[in-house]
Amino acid sequence: MPLTQTQYMHLARHTLAAEEENRTIPMLTQEFPDLTREEGYQIQRLRAQLMQERGHKLIGYKMGATSLAKRIQMGSKMPSYGRLFDHYLRKEGESLLLDQYIHPKLENEITFVLGRDLSGPFVSVPDVMNATAHITASFELLDSRYHNFKFTGPDVLADNISARGILLGSVQINPNELDLAQLGCTMWVDGEDVAYGTGAEILGHPARAVAELANLLWTQERESLKAGMLVMTGSVTPAKALVRGEAVKTVFSRLGSLSLRVE
Ligand code: OOG
Ligand code: MG
């Protein structure tokens with residue numbers, strides 16, 4: 001049985017309060033085992049409205065579970081999307097203070113910045129390439145609001161697919177100037193290389209994640225991607241749990257590198 005609008009709103013407030021107060025909660029599906037993915041998205045939408053009421057600005061979207069590494073890590077069969085807000089943006093060179101998070105993880109992603117609007121339901125890879133102003137290297141910070149970072153599909157959708165922070169690289173390149181499927185990244189922790197992957201991990205080509213997002217947003221919500229928005233295309237490598245004292249650095253081919261110190 002579907003829940004009432006009041007119950008969806010209650011669940012949206014519940015996961016947002018956990019984010020704002022840096023604490024974990026049990027999975028929503030413990031109390032509501034029949035929750036569907038559609039209902040998960042519905043809760044995410046209400047949660048986003050609450051964030052906008054608090055003054056946070058929607059600056060784009062993120063795709064998740066687009067690489068095999070992430071689908072295995074999340075136990076998910078299909079990609080999903082979440083929303084990005086302005087207060088998630090962090091500056092290069094700032095340390096990450098572990099006390100300000102619950103159990104953060106870091107992901108290596110290719111981010112698209114749109115120069116033109118994109119509306120589904122028939123957006124293709126070439127449409128995305130032509131509508132993109134530039135791409136950048138990026139780190140995404142995840143911080144699931146669920147105990148032990150464990151969730152089902154509907155739970156993680158309701159929790160804005162664990163979004164918590166964004167760090168964008170300073171090198172900006174038009175995507176038509178490079179082969180995005182072959183673009184590689186290597187992640188180093190305290191001088192040791194721990195992960196490697198290429199853009200091909202992302203649904204064969206990262207622009208496909210943007211196309212899929214535009215089509216999903218249109219079919220599910222009658223929403224379009226707007227010029228100026230960011231789209232994070234999903235982690236190429238498995239998300240890395242952050243540990244105090246570590247220095248993380250990822251080198252992207254052509255797109256420069258990003259670093260983060262954990263304190
Ligand atoms: C969900 C977020 C997944 C990605 O890049 O695949 C994601 C999670 O793993 O907690 O952002
Ligand atoms: Mg991600």
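## Helix α1 and its end

Just after helix α1, N22 adopts a positive phi of about 55°. This is a predicted model. Helix α1 covers residues 5–20. Its 16 residues should span 22 Å at 1.5 Å a residue. The end C-alpha atoms of α1 are 22 Å apart, which agrees with that expectation.

Which residues of α1 are buried? They are Y8, L11, A12, T15, L16, A17, A18 and E19. The cover over these buried residues includes helices α2 (28–31), α3 and α6 (153–158). Strand β6 (163–168) is also part of that cover.

## Where α1 meets α3

Two packed helices are described by the angle between their axes and the distance between the axes. For α1 and α3 (residues 37–53), the axes come within 8 Å and cross at roughly 65°. The crossing is right-handed.

From α1, the contact uses Q5, Y8, M9, L11, A12, R13, T15, L16 and E19. From α3, it uses E39, Q42, I43, L46, R47, L50 and M51. The residues of this contact divide into 9 nonpolar, 3 polar and 4 charged.

## The magnesium site

Which residues coordinate the magnesium ion (ligand 2)? E107, E109 and E140 do, each through OE, at 2.0 Å. Along the chain, these donors follow the spacing E-x1-E-x30-E.

Are E107 and E109 buried or exposed? Buried means under 20% relative accessible area. E107 has 4% relative accessibility, so E107 counts as buried. E109 has a relative accessible area of 0%, so E109 is buried too.

Terms used. Residues numbered from 1 in each chain as written. Chains lettered and ligands numbered in written order. Predicted model: local features only at pLDDT ≥ 70, side-chain atom pairs only at ≥ 80, totals over all residues. Heavy atoms only, no water. Donors = N, O, S within 2.8 Å, 3.2 Å for Na, K, Ca; no water. Buried < 20%, exposed > 50% of the residue type's maximum accessible area, 1.4 Å probe, protein only. Axes fitted to C-alpha atoms, helices over the stretch in contact; angles between N-to-C directions. Helix = DSSP H or I, 4+ residues; strand = E, 2+ residues; numbered from the N terminus. Left-handed = near helix turned anticlockwise from the far one by under 90°. Contact = heavy atoms within 4.5 Å. Nonpolar A, V, L, I, M, F, W, Y, C, P; charged D, E, K, R; others polar. Expected span 1.5 Å × (residues − 1).
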